[in-house]
Amino acid sequence: MSERSGRYLVLGAGGLGCPALFGLVAGGAAEIAVVDCDVVDATNLHRQVLYDLGDVGARKVDAAARRLRARAPGLRVEPIDLRLDERTLPALLAAQPAGTVVLECSDQPDLKFMVNDVCLDLGLPLALGGVQRWGGLAMAVARGGACLRCVFEDAPPPELAPSCAAVGVLGGAAGLLGYLVAHLAAALHGGSDVAGTLVALDLRDLRPQQIRPRPRRGCRGCDPAAQERISGPLRP
């Protein structure tokens, strides 16, 4: 393998984060920071493929760091046991070194929009994903391209965004989308023109879809004119 390069910050080490971490290692990442506040649960192992039964009960960030270092001894891994919210997220992202690419792999729609906004504020490139049942989406976000709010504007209400525990998720869907998020992140690091690209996958009917929307005028996430009317670093 060629010399490793790139620093990545992965938010969430669950169903999306695990395959995304594998993808970053395979793609030659030099440094990965993993953020999560949960422990490994045996009921999630079918989609959280980085862990096995011996990791049950351990902090996800510790188990992930141990597994990743074993796969790539030269890889630098930073485990960060942290619950992300309106207070901790901006501080975490503001502390990242220049050139860091963020991967949003949580299962919280509200958090995805917050990460979208703060990354744009700070100029951090972002790859994000979401999965539910047998499909989901992945998107690359950076200044100059369309962002998550250009497409969806706001997070859906809770009744329209049930948790994976409530509706289930196909392990293969989480795996494919996690790898796709890692691919977009590596492309952002490499300077490829993927900002604003959204890929949706429907594995039930085997229908992939790719769109490149234009930045939306008045978008609260990326339109500077709209941002001037909104105070504070977060725009939930």
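## How to read the model

Residues are numbered from 1 along each chain as its sequence is written. Because this is a predicted model, local features need pLDDT of at least 70 and side-chain atom pairs count only at pLDDT 80 or more, while totals for chains, interfaces and linings use all residues; side-chain values use heavy atoms, with hydrogens and water left out.

The protein averages a pLDDT (the predictor's confidence in each residue, from 0 to 100) of 88, and 89% of the residues score at least 70. Please take care with residues 229-236, where pLDDT stays under 50. Where pLDDT is low, the predicted coordinates should not be read in detail.

## The overall fold

The protein has 8 helices and 8 strands. Here helices (H or I, at least four residues) and strands (E, at least two) are DSSP runs, numbered from the N terminus. Of its 236 residues, 51% count as buried, where buried means under 20% relative accessible area, exposed over 50%, and partly exposed in between (1.4 Å probe, protein chains only).

Among contacts (heavy atoms within 4.5 Å) with a separation of 6 or more, 66% join residues 24 or more positions apart. The accessible surface comes to about 11100 Å², and carbon and sulfur atoms hold 53% of that; these areas come from the Shrake-Rupley method with a 1.4 Å probe, and for residues only the protein chains shown count as cover.

## Helix 2

Helix 2 covers residues 60-71, and the C-alpha atoms at its ends lie 16 Å apart. That agrees with the 16 Å that its 12 residues should span at 1.5 Å a residue, the expected span being 1.5 Å times one less than the number of residues.

The buried residues of helix 2 are Lys 60, Val 61, Ala 63, Ala 64, Ala 65 and Leu 68. They pack against helix 1 (17-26), strand 2 (31-36) and strand 3 (76-81).

## Two buried residues

Ala 142 sits in the loop between strand 6 (135-141) and helix 5 (148-152). Ala 142 is buried, with a relative accessible area of 17%. Beyond its neighbours within four places in sequence, Ala 142 is in contact with Leu 120, Leu 188 and Ala 195. Its C-alpha atom is 9.1 Å from that of Cys 222, a residue 80 positions away along the chain.

Asp 202 belongs to strand 7 (residues 198-202) and is buried, at 14% relative accessible area. Its side chain reaches the backbone nitrogen of Asp 205 at 3.4 Å. Leaving out residues up to four places away in sequence, Asp 202 touches Trp 134 and Arg 207.

Conventions: Polar contact = N/O pair within 3.5 Å; in protein donor to acceptor, adjacent residues only side chain to side chain.
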